[in-house]
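Morning, everyone. I'll take a few minutes on one model. Let's bring it up.

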Amino acid sequence: MRGQADERTRKKKRKQSGRSLVLLLVLLGAAMSAVLLGWRYYLRQIQQDGIAGYASDQTYDRHYVMIADDSSSLLWQDIYQNAKRAAVECGAYLELLNDWESVEYELTDYMNIAVASKVDGIIVKPDGTVKMRQAINAAEAAGIPVITVLEDDSASDRTSFVGVNSYQLGTVYGTQILSCVDADTRQITVLLNRSDAGKDLVYKQLRATVQEGLARGQTIGINSLTNTPGSFFGAEELLRNLLQDEAQRPDILVCINETDSECAYYAMVDYNQVGSVKLIGYYQTERMLAAVQKGIVPIVITLDTAQLGTCSIEALEEYYSMGYVSSYFSVDLDIITQENVQQFLETETS
Amino acid sequence: MEEKAGRKGRLSIRVKLLLTFALTAALMFGINLLLYQEVNRSMRQLDAVYATNVSLNELTECLEETQGNIYTYLNTKSSDSLEDYYRNEQRLRDMLAQLNGENVENERKMLEKNIRNMAETYLASAEEAVQAKRGRNVERYGELFDRAQQYYQYVQSAVYRLNGMQFRSNSDNYTILLNSLNYMEIVSSGIMVAAAVVNLLLLMLLIRTITEPLRQLALSANEVAAGNFDLTLQDTESRDEVGVVQHAFVKMVQSIREYIDRTRESMEKEQKMMERELLMETHLKDAQLKYLQAQINPHFLFNSLNAGAQLAMMEDAEKTSIFIEKMADFFRYNVRRSEGTATLGEELEAVDNYVYILNVRFAGDIHFEKEVAPFLEDVQLPSMILQPLVENAVTHGIRDVDWEGWIFLSVEPAGDELRICVRDNGAGMTEERIREVLAGKARQTEADGGSTGIGLDNVISRMELFFGRKNLVTILSDGPGKGTEVRLRIPVRSEPRGII
C-alpha cells in the first residue's frame with residue numbers, strides 16, 4: 001500500500017516537474033521570440049527609415065522643377081512644400097532645382113539644366129535679366145511650359161504667371177504706408193533688392209498711391225534704396241548707414257523682400273530705432289510675426305504661399321490637360337497687423 | 001504514455017547524453033541561424049541600397065573621353081577621334097540606359113534621370129556639332145560645341161552632385177548598418193545568454209534524471225553497507241545503465257534479505273536442536289544423579305549386605321540370606337550398569353531380583369511371569385530399562401488393586417527387532433494419561449518412596465537416544481481397571497550403539 005502511494009507521489013512529482021519544465025521552456029521561448037521579433041521589427045524600421053526615400057516605389061507621370069533664387073528662405077520653403085503637396089496629388093514629381101554645391105550656377109543655368117533634363121514643367125521666379133528671358137523662351141521652345149511665380153516676365157514666352165502683380169502689390173503697400181503716415185512723417189524709404197527686378201514697378205505704384213493719398217499740403221519724401229549688386233550682405237551695411245545717419249533716417253521703412261525685412265528689423269532693434277522708425281515688413285516669418293505681436297513692427301504684408309504653390313502646379317496641370325492655361329493666376333495678399341497676428345501665429349504653429 | 005515512458009526509459013545514458021547535447025546544440029544552432037539570417041537579410045537590403053547599376057566614375061570617364069573625342073575631332077577632324085567618339089558615345093548610351101528614367105519619389109533617382117536626359121541632350125548637341133563640322137559649317141559647329149560643352153558641364157555637375165548624395169546616403173546607411181549591428185550584437189548576446197541559460201537548465205534537468213537514480217542508489221548502498229536491508233529504494237522503470245544497476249541492486253538486496261531469513265531460520269533450528277541435546281544431557285544427568293543418590297557408598301552397602309547374608313546363613317536363616325543376597329545383586333547391578341549398556345540377560349536378572357525383593361517386601365503379592373525366547377540373552381540394550389517398566393507396573397498398576405495382581409514379561413524376536421512386552425492387570429490407564437506419559441508430561445512424584453527413581457520418560461528418552469529412532473515405546477490399555485501393557489521395540493544389532 002505504502003509502495004503504491006509512494007509510486008503515485010513519485011508519478012505526481014514527475015508530472016509536476018515535467019509540467020513546470022514545459023512551462024519554463026514555453027516562457028523562455030516566448031521571451032526569446034519576443035526579443036527576436038522586436039529586434040527584427042526594430043531593424044526593419046530603422047532600415048526602412050533610412051532607405052525609405054530610395055526604396056519608395058511611388059512613381060509619377062510628370063516631372064516638374066522649381067527654380068528659386070533663395071531656396072533656403074522660409075518663403076520658398078513654404079511655396080515649395082505647398083506646391084509639392086499639390087504636385088503629389090496631381091501625380092507629378094516636383095523637384096527643387098537649386099544650390100548645386102559644385103558650381104555657382106545662376107538661375108539661367110538651372111533653367112538650362114531643367115531644359116536639358118527634359119523636365120515636364122518649370123516653375124521659376126525670373127530675375128528680370130535678358131538671359132533669363134532667353135532661357136524661358138528656350139524652354140518654351142523645347143515644349144516645356146514655364147510658370148513664373150512671385151515676379152513676372154511678361155515679355156517672355158512664359159506660359160503663365162502666378163503671384164501678385166506689381167500694380168496690385170504697389171497699391172497695397174501704398175495703402176498700408178498711408179495708414180502709418182502721421183503728421184510727423186517726413187521721409188519714407190523703400191528698400192529694393194537687385195534681384196527684385198519687377199520691384200521698380202511696385203515702387204512706382206507705391207509712390208503713386210502714397211502721393212495720391214496724402215493730405216493736401218503734406219509733403220513727404222519717398223525714396224528707394226537699392227541693395228548694392230554683387231554684395232551678399234549689402235543690405236545690412238545699407239541699413240546701418242541709413243539708420244545711423246539722422247539726416248537720411250526715414251520715418252517709415254518699407255521692405256518688399258523677406259530677407260530685407262528681417263535685416264531691417266534687426267538693424268532697427270540694434271540701433272535703437274524702435275518707435276522712431278516704422279517698419280513695413282514682408283512675409284510672415286516667425287520673427288516678424290513676433291515683432292508684430294509685440295508692436296515693434298506695425299504691418300507685415302504677406303502673400304498666401306499655399307495658394308501660390310497650389311496655383312503654380314494647377315497651372316501646369318491645366319496646361320497639360322487643356323493644352324492652354326490662363327496667363328495669370330492671382331494670389332491673395334494678407335496684411336498682418338497686431339489685430340490679426342494671433343491667427344497667423346496659430347497657423348504657423350499648427 | 002506508459003509506452004512512451006518505457007521507450008524513454010530504455011534509452012542508454014550515452015544516448016541520453018548525446019540527445020541532450022544534440023538538443024542544446026540544435027537550439028544554439030537554430031538561434032545562430034536565425035540571427036545570421038537576419039544579419040544577412042539586413043546586409044542584402046543595405047546592399048540593395050548601395051547598389052547602383054552604373055559606376056558613376058565610369059560614366060564620368062566615358063563622358064570626359066567623349067568630350068575629348070569631340071574636341072579633338074572638331075579641332076583636327078581626325079577619323080580616329082571620330083571613331084573613338086562613336087565608340088564612347090555608344091558606351092555612354094549603354095550606361096545611360098541603365099540609369100533611372102522614371103519619375104519616382106526619390107531625389108537621387110530623379111537626379112539620375114536628369115543626368116540621363118542631360119547626357120542625351122549633350123550627345124544630341126555633340127552629334128549636331130559633329131554633323132556641322134562635317135558640313136563645314138564653322139560658325140554652327142562652334143556654337144554647338146559651346147552648347148555641348150555647357151551640357152557637358154551640367155552633366156558633370158549633376159554627376160558630382162549625385163556622387164555627393166550617394167556618399168551622404170551611404171554614410172547614413174553605414175550609420176544605420178552600424179546601429180543595426182550594434183543592436184544586433186546586444187540582442188544576439190542577450191539571446192545567446194538566454195539560450196545558454198535554457199541549455200544549462202535543460203542539461204541540469206536531463207543530467208538530474210541521470211544522476212538522481214545514481215544518488216538514490218548510492219544512498220541505498222550506504223544504508224545496505226550500514227546493515228539496513230529494509231530499503232525504500234524502488235525498482236525503476238528506466239532501462240538505462242543506471243536503471244539496470246538499480247534493478248540489479250534491488251534484486252541483490254532482496255536476495256540477501258531472503259538469504260539472511262533462511263540462515264536465521266536454520267540457525268533457529270540448530271538452536272532448537274542444541275536445546276534438545278542439552279535437555280537430553282540434563283535427562284541423563286538427572287538419571288545419573290539419581291543413580292548416584294542411590295549409590296551412596298554402595299560398596300559399603302554391598303559389603304554390609306554380604307555380611308548380613310553371611311550372618312543370616314550362619315544363623316540358618318536361609319531365606320533372609322537369599323533376600324539379602326538378591327538385594328545386594330540388584331543394587332550392584334544398578335551401580336555396575338550405570339555406564340550405559342547391558343545385555344538382555346543381565347536386565348532380566350535385575351528384573352528377577354527386583355521382583356524377588358518386592359515379593360519379600362509385599363509378602364509375595366506380586367505374581368511375575370516371564371517368557372523369554374531362547375538365545376537372546378546377549379542382545380545389547382540400554383541398561384536399566386526393563387526394571388523401571390516392571391516397577392511402573394507394580395507401582396501404578398497392581399499395587400493398589402483389590403484383585404490379585406500379576407505381571408507378565410515377554411521377550412520375543414520380530415524380524416530384526418526384539419519385542420519386549422511388560423503387561424499387568426492393574427489399574428490401567430486412560431488414553432489421555434497414555435498420551436501424557438508418552439509426551440513425558442507425567443513426571444513421577446519424588447515422594448514415591450518405592451521407586452528406583454527412573455521414570456518411563458527417562459526410559460523412552462534413553463531408548464530414542466540409544467537407537468536414534470522414535471516410537472520405540474508403546475503403551476496400551478483398554479482403560480482404567482483393565483491393565484496396562486508397555487511394549488518396547490529393540491532393534492537388534494551386533495554392536496552396541498554407544499555409551500549413554
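Chain B has 13 helices and 8 strands. Keep in mind that this is a predicted model. Of the 500 residues in chain B, 28% are buried. Now take the contacts in chain B between residues at least 6 apart in sequence. Of those, 72% join residues at least 24 apart.

Next, a helix pair. Two packed helices are described by the angle between their axes and the distance between the axes. Look at helix H3 of chain B, residues 56-76, and helix H5 of chain B, residues 107-134. Their axes come within 10 Å and cross at roughly 15°. H3(B) and H5(B) are therefore roughly parallel to each other. Their crossing is left-handed. Which residues make the contact? From H3(B), they are B:Leu63, B:Ile70, B:Tyr73 and B:Leu74. From H5(B), they are B:Ala119, B:Ala126, B:Ala129, B:Val130 and B:Lys133. By class, that contact has 8 nonpolar residues, 1 charged and no polar.

Over to chain A. Helix H8 of chain A covers residues 258-270, 13 residues in total. From first C-alpha to last it reaches 19 Å, close to the 18 Å expected at 1.5 Å a residue. Is H8(A) enclosed or open? 10 of its 13 residues are buried, so H8(A) is largely enclosed by the rest of the structure. The buried ones include A:Glu258, A:Asp260, A:Cys263, A:Tyr265 and A:Met268. What do the buried residues of H8(A) pack against? In chain A, their partners are helices H2, H7 and H9, plus strands S7, S9 and S10. Just after H8(A), A:Asn272 takes a positive phi of about 60°.

Technical notes. Residues numbered from 1 in each chain as written. Chains lettered and ligands numbered in written order. Predicted model: local features only at pLDDT ≥ 70, side-chain atom pairs only at ≥ 80, totals over all residues. Helix = DSSP H or I, 4+ residues; strand = E, 2+ residues; numbered from the N terminus. Buried ≥ 20, exposed ≤ 12 C-beta atoms within 10 Å, placed from the backbone. Contact = placed C-beta atoms within 7 Å. Axes fitted to C-alpha atoms, helices over the stretch in contact; angles between N-to-C directions. Parallel < 35°, antiparallel > 145°, perpendicular 65-115°, else oblique. Left-handed = near helix turned anticlockwise from the far one by under 90°. Nonpolar A, V, L, I, M, F, W, Y, C, P; charged D, E, K, R; others polar. Expected span 1.5 Å × (residues − 1).
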